[in-house]
Amino acid sequence: MPGVDDGRQQRRARGERLFREICGAPPAAMQADFLDITIEHVFGEVWARDDVATRDQRLLTIAVLTTLGDASALEIHVRMALESGDLQESELQGAVVHLAHYAGWPRGSMAFQVLAKVIAERRAQSADGGR
């Protein structure tokens with residue numbers, strides 16, 4: 001059925017584009033069902049929805065990753081939220097304070113450390129002229 005393959009190809013292309021935009025790097029070039037589902041569904045469909053603004057999707061994702069304690073994924077999403085301009089440092093700092101009270105102090109502390117690291121790296125890079 002041509003329509004099904006075309007739809008899947010469109011989802012894949014949209015998913016790869018959004019993955020690069022959201023995560024700041026291209027998806028891995030390996031063939032795996034998990035990766036295909038991630039690209040085509042999570043990025044090609046969920047992140048592509050227009051009923052929740054990208055800024056809000058980023059904030060929701062940051063909140064969930066903080067709650068789960070996933071510092072490595074949180075760092076990627078915090079960095080890209082700042083780089084895209086969807087969220088400002090002050091908004092993320094406020095979100096971390098809010099999350100610490102709802103997700104728990106240890107999770108908030110982890111998010112604070114991740115945010116501080118990303119901000120420091122961005123400022124150092126800016127001071128070096130973006131090198």
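Visitor: Is the crossing of α3 and α4 left-handed or right-handed?
Guide: Left-handed, meaning that the near helix is turned anticlockwise from the far one by less than a right angle; clockwise would be right-handed. Mind you, this is a predicted model, where local features need pLDDT of at least 70, side-chain atom pairs 80 or more, and totals for chains, interfaces and linings use all residues. Residues are numbered from 1 along each chain, and side-chain values use heavy atoms, without hydrogens and water.

Visitor: At roughly what angle do the axes of α3 and α4 cross?
Guide: The axes of α3 (residues 54-68) and α4 cross at roughly 155° and come within 9 Å. That makes α3 roughly antiparallel to α4, because the label takes angles over 145 degrees.

Visitor: What does α3 bring to meet α4?
Guide: Arg 58, Thr 61, Ile 62, Leu 65 and Thr 66 in α3 meet α4 residues including His 77 and Met 80.

Visitor: How do the axes of α4 and α6 cross?
Guide: At roughly 45°, coming within 9 Å, with α4 at residues 71-84 and α6 at residues 105-127. So α4 is oblique to α6, the class left over once under 35, 65 to 115 and over 145 degrees are taken. The crossing of α4 past α6 is right-handed.

Visitor: Which residues of α4 meet α6?
Guide: Among them are Leu 74, Val 78 and Leu 82, and on the α6 side Val 114 and Val 118 are included. Contact here means heavy atoms within 4.5 Å.

Definitions and conventions: Axes are lines fitted to C-alpha atoms, for helices over the stretch in contact, and angles run from 0 to 180 degrees between N-to-C directions. Helices (H or I, at least four residues) and strands (E, at least two) are DSSP runs, numbered from the N terminus.
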